[in-house]
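Open your viewer and get your selection tool ready. We will take the stops one at a time, starting with a pair of helices.

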Amino acid sequence: MSTQADHGHELAPRPQQTPDALRAALATVDPTRLEEMQATKDDAFAKAVEWQSLSPVQSWVLTWARDIEIARRPDLSTRYAHAKTNLEHEDPAIAEEALRELSAVLDEARPRLL
């Protein structure tokens, strides 16, 4: 696992982008999602075989790396949760701002390809 500085408090180091490292990190930062992770992994691997392509597995890795990045960083997690709660706000300006913030969080959490 590697760490990235300058994000304030982190609940765990940033994991490598491998299934085992991602699973270990998720077990630390959000163990309630382990079953979901396994189900989506099984689906991704089944699609990879069916499609004869690694793209479903690569998508799985990037999705979980992003979700773990959000969960391991309380600053991102708070911003993400706040934005999600306002996405369907009755005030369109608040909903639009929530959408911009959600996009910014997802972009910041997006894993960089190795």
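Predicted model: local features only at pLDDT ≥ 70, side-chain atom pairs only at ≥ 80, totals over all residues.

Residues are numbered from 1 along each chain as its sequence is written, and side-chain values use heavy atoms, leaving out hydrogens and water.

Now show the axes of that pair. α3 and α5 pack at an angle of about 105°, with their axes 8 Å apart; the axes are lines fitted to C-alpha atoms over the stretch in contact, and angles run from 0 to 180 degrees between N-to-C directions. That makes α3 roughly perpendicular to α5, a label given to angles of 65 to 115 degrees.

Next, select α4, residues 74-86. At 1.5 Å a residue, its 13 residues should span 18 Å, and the end C-alpha atoms are 18 Å apart, which agrees; the expected span is 1.5 Å times one less than the number of residues. Highlight Leu76, Ala83 and Asn86, which are buried (under 20% relative accessible area, with exposed over 50% and partly exposed in between, using a 1.4 Å probe and protein chains only). These three cover an arc of only 105° around the axis, which puts them on the same side of α4; the arc is that of the directions from the helix axis to the C-beta atoms. Turn to the other side of α4 for Thr78, His82 and Thr85, which are exposed. What do the buried residues of α4 pack against? Show α3 (55-72) and α5 (92-109) to see these partners.

Move on to α1, residues 19-29, and select its buried residues Ala21, Leu22, Ala25, Leu26 and Val29. They cover an arc of only 135° around the axis, which puts them on the same side of α1. Their cover includes α2 (34-51) and α3.

Finally, zoom out. The protein has 5 helices and 0 strands, taken as DSSP runs numbered from the N terminus (helices H or I, at least four residues; strands E, at least two). Of its 114 residues, 31% count as buried.

Key:
Contact = heavy atoms within 4.5 Å. Parallel < 35°, antiparallel > 145°, perpendicular 65-115°, else oblique.
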